[in-house]
Amino acid sequence: MSVEITAEEMLDAFKEDAPPGHVRDTRWAHTHGIGVLGHFVASTVAKKWSAAAFMQGGTVPVICRFSNGSSDPKRHDNWPDTRGLAVKFHPPGGEPHDMLAMTISVFGARSRQEFLDISKAFVPKPIPKKSWFQLNVVDPLHLRLPPPSFPPGVTESGAPGLAAFAGTHPYARAFVLEGGASIVPVSWARIEYHAVHTFMALGPDGVKRPVRFVWQPVDGVFPVPPVELPELGPDFLGEEMRRRLARESARFTLRMTLGEPGDELADPSVNWPKSRRSVNMGMLTIEKMAEPEGVDVSTMSFNPMRLPPGVEPSDDVILHARGEIYSLGCQERGGTGCPVLHGPGARK
Amino acid sequence: MSLPNGPIRQLLYRVLTRFWAWRENAKPLPGGALPSRAPSDNVMRTMNLVMPLKNRTAVGRAEAVMAIAACLDEIYTGLDNVGTVHVARFTIVDDNILMFSFYDGDFRTYIRDFIMTLGHAFDGIVELVENPPPLPCWRHVDEFIEWVHERDALQLPSDPGELAKLVGPEMTNLEDLPRFLAVQLGENRNVQLGAYRAYPGFSVAQIRRAMEAGW
Amino acid sequence: MSGVELSELQGNVLRGYRKNVARHIVARVRDAAAARAFLGAAARGEGPLPVTPGTDWGGAAPEILFNVGVTYAGLRALGVSERSARGLSRAFRKGAVSAAKTVGDYGCSAPEHWRPFWREADAVHLILTLHADDAGALDRGEAALPLGGGMEKLGAEEAAWFAPDIVHFGYRDNISQPRFRGFDPKGRWDDQPAAPLGVLLLGHPTGMEQISWSLPEPKVLGLNGSFGAFRVLEQDVEGFEAYLDSAAETLLGSSEADLLLPPGFEGGAEARRAMLREVVAAKFCGRWRSGTPLALSPFDPNPEPPVSDTDFDYSDDLDGVRCPMGSHLRRANPRSAKIVQRVANHTRRLVRRNMPYGPEFDPANPVKAERGLVGYFLCADLAAQFEAIQNDWINIGLQDPRITGANDPMIGDNDASASWFDIETKAGPVRLRGFPSFVRTRGSAYAFLPSMAALRWIGEIGAGSAAA
């Protein structure tokens, strides 16, 4: 890698993946979403593992954004997609900080070049149609499953290209397989969100531990049963959240997994084994919609590199690059609170 | 018996087991952990679920693997939040999918919490199995719990005295123990033969708390 | 499906009657046709003793209130087909005798020690409940029942209300019940989410997301019906008071007394002893005997200004310093407290329809007599609500690792050789030991409280089209 690939180049490559019709001043990924408000309370053991202020107990107000991963300018809550949960913590007396998480547990690239490569593979193209012979003879003889069906009316997609790419690029496989298993959840509160990258958590003992975070819905993961899918509108998730929060709060536990020697610390394309030690770090309680409270998350910047003292980025190249790309994207769309890279992870 | 261990002897054993089951009017003992007043018996209980796959080929087994891989988040998140499961694992043995677990508390509450948090994943697994229960399980909770209970293997005590008490309460000649056992195993094909616990008597939450892993 | 007509429910399901006396007549069906005819007519509001519906009667309550619970054996005896009756859940079908171990009825609470007429699960068919203001009215109500005709009386449980809402052990009761979405008056009661109707009635959304309980065929039999765990719970009032004496005595002589007494408590040994008794009674229950919740008033049974009786939560009392995790109240309904089974917060609510029986206990003039509490714990699913609470929370204490292995100090299955109860204080727990079971089960049955329509349907079984 002689010349560093810039965030501009990466964002440009990513823009190519969006279906046509991008609306100015909207996000290029996770375009559609809603804002919600609530609080995080660290568990009683969290402070034994983390010196960060928000892990010391007490109530930390949060602003969150639930989103669909798609950059399609048309909203499709009722299509399988990678969903996002971005949490902005407001620790009393401290600077706000973010945790960005999505329903896929890994990322499809390990370097800036691989990011460009996989972005290119994901550019929407007409969906190739398999011949009758291929579909009914060749594929079954190869013990292949029928190809995934696309929502009605969809003629172009990046998915087949991505699948072909993952066939020959092992680092993209976990990402593509998990993406292929994406669901339509009955609620944004009924799906698990992974913060993907490795972070370094500073403990009260002065030890920096490699960790990964995941938000687990207390009520469990629950997809919409296929028979009920046709009844759902393109924005049902927003409506569902409004109804849910009028009734009760939505809860997630924050689980922190501790990495061990041999685990990939800088490679977000690889998951850690389920056998790793993990700690229940606290409970996120989402109580109300943000909009009626005058909080607009559509312009608000969420950035995976906006970290609190006590949580540092790992050497994961993609994490650092995402920090830059999100910041750049935020500036382009005239968002609020964009350039933030003054934390411990700031690039010189 | 002095017959060679061939097909004739096997056949004879089958016939004799059935004869004695009929003669002694044997009733299958219920599977799963039994109710107990002792707190220790109510934690780290075991479940041994044996579910024969519909598709008894390698492709059928591959389907089962994919079905479970497709809902990893559902399973792990669900188990973490159910809060009473020590360990659980799926295993395929001879065209059967096995689910073995250690859990705390009432069996039916355990399965119901399970259905609530990972009911969809369970649907995906049991629809690959012979004689599935009415699905979706979360709309037929009672039937599903009984379906699981019926497949939860009989738990034989590891202690020989307890074993004799369980399988031959009306036995008058100790020499008959193998027969009583065979009759019961004729009714209950799958059995658990005791279970070792390195830390008996502790709940999941007690261990998580002591280990500072959060409960 | 979101609403329900009150006139279609039996009156004791969604509200308590607050009459002075009650009689639960336990009966067997002797002549199915005659029994059906009586029930059908009573549900249509005909005959000398109509079933009391849930309709709001304003200021003019009927003199005698009559409601019906039917066991699985009772449904079968009335001629409901096995297929229809089986559709009403396994727990109901198996009944209370079979569930004894699950709900903690061991030892002297085991079915073999129940009153004889409760022991034979298959013999108990009907629980005919009368509420009135005096025993004479109860007698008139009973005389209107076809006992000796279509039904045969096996026994009865009597109950009487003590002013002002006091129950044995000396606590004020009848303070908090679940509120139901769309039914109870708006306005602040507490922070608990209003319960969906499906917590109490079949055929409505339950408190457990996605989960619905099956309805039998025909649906009319199950819809808007409710299940009741009928319990006759003898209370050892003298034993309870004696334990408070001994606990107070032990604490008085220990360094722990000051941790438990209100800060700055002044008074001599007698005042300290008396206060320690009340502290132990309050910590056992979760409320002072005055009814004041510990969660809002940890040191004062009668605070000025008064605190709410209901508007509290345990989520701000993580270590149980105010209200112990092991207290009866917090075990039976942990509200928003952090619990092991996080999915179960708010989902196992029960509606309590109980009254005391036996003479009120006067410590100054103790009279030996059987005393207790009798009535229903109502819910939409006996296994998911009543049994789950009894098995995992009241006993075992699975909901919090700090109480796991200990049982409810007031109603748990306790053995003095092993029982323990921790009163959390800022300086750590003070452990009480050596208390026996203060409550002994004398009888129990799982009954279904059918809707009015279901009772009418039962009344028409055998009359042509409604053949079951």
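Reader: How many residues of chain C are in contact with chain A?

Author: In this predicted model, 7 residues of chain C are in contact with 12 residues of chain A; contact means heavy atoms within 4.5 Å. Local features need pLDDT of at least 70 and side-chain atom pairs 80 or more, while totals for chains, interfaces and linings use all residues, and side-chain values use heavy atoms, without hydrogens and water. Residues are numbered from 1 along each chain as its sequence is written, with chains lettered from A and ligands numbered from 1 in the order in which they are written.

Reader: Why is the pair A:Arg190 and C:Glu209 called a salt bridge?

Author: The closest N and O atoms of A:Arg190 and C:Glu209 are 2.9 Å apart. A salt bridge requires a side-chain nitrogen of Lys or Arg within 4 Å of a carboxyl oxygen of Asp or Glu, so the pair qualifies. Between chain C and chain A there are 2 salt bridges. By class, the side of chain C that touches chain A has 2 nonpolar, 2 polar and 3 charged residues (nonpolar: Ala, Val, Leu, Ile, Met, Phe, Trp, Tyr, Cys and Pro; charged: Asp, Glu, Lys and Arg; polar: the others, Gly among them).

Reader: What area do chain C and chain A bury between them?

Author: They bury about 910 Å², 45% of it on carbon and sulfur atoms; buried area is the accessible area (1.4 Å probe) that two parts lose on being put together, summed over both. In chain C, the residues that lose the most area to chain A are C:Glu209, C:Gln210 and C:Arg342, together 58% of what that side buries.

Reader: What does the interface of chain C and chain B bury?

Author: Here the buried area is about 3,100 Å², with 59% on carbon and sulfur atoms. Each chain brings 34 residues to the contact. C:Arg90, C:Val343 and C:Pro401 supply 19% of the area that chain C buries against chain B, more than any other three residues.

Reader: What makes C:Arg348 and B:Asp113 a salt bridge?

Author: Their side chains meet at 3.7 Å, N to O. That distance lies within the cut-off already given, so the pair counts. The interface of chain C and chain B has 3 salt bridges. Helix H13 (residues 382-394) of chain C gives the most to the side of chain C that touches chain B, with 5 residues.

Reader: Why is H3(B) called roughly antiparallel to H4(B)?

Author: Helix H3 (residues 72-82) and helix H4 (residues 107-126) of chain B pack at about 175°, with their axes 9 Å apart. Angles under 35 degrees count as roughly parallel, over 145 as roughly antiparallel, 65 to 115 as roughly perpendicular and the rest as oblique. The angle therefore makes H3(B) roughly antiparallel to H4(B). B:Asp113, which pairs with C:Arg348, is among the H4(B) residues that meet H3(B). The contact of the two helices has 6 nonpolar, 3 polar and 2 charged residues.

Reader: How do you know that H1(B) is roughly perpendicular to H7(B)?

Author: Helix H1 (residues 7-23) and helix H7 (residues 177-187) of chain B pack at about 95°, with their axes 9 Å apart. That angle therefore makes H1(B) roughly perpendicular to H7(B). The contact is made by B:Thr17, B:Trp20 and B:Ala21 of H1(B) with residues of H7(B) including B:Arg179 and B:Glu187.

Reader: How many helices and strands does chain B have?

Author: Chain B has 8 helices and 5 strands (DSSP runs numbered from the N terminus: helices are H or I with at least four residues, strands E with at least two). The C-alpha trace of chain B spans about 55 × 45 × 30 Å along its principal axes.

How values were computed. Axes fitted to C-alpha atoms, helices over the stretch in contact; angles between N-to-C directions.
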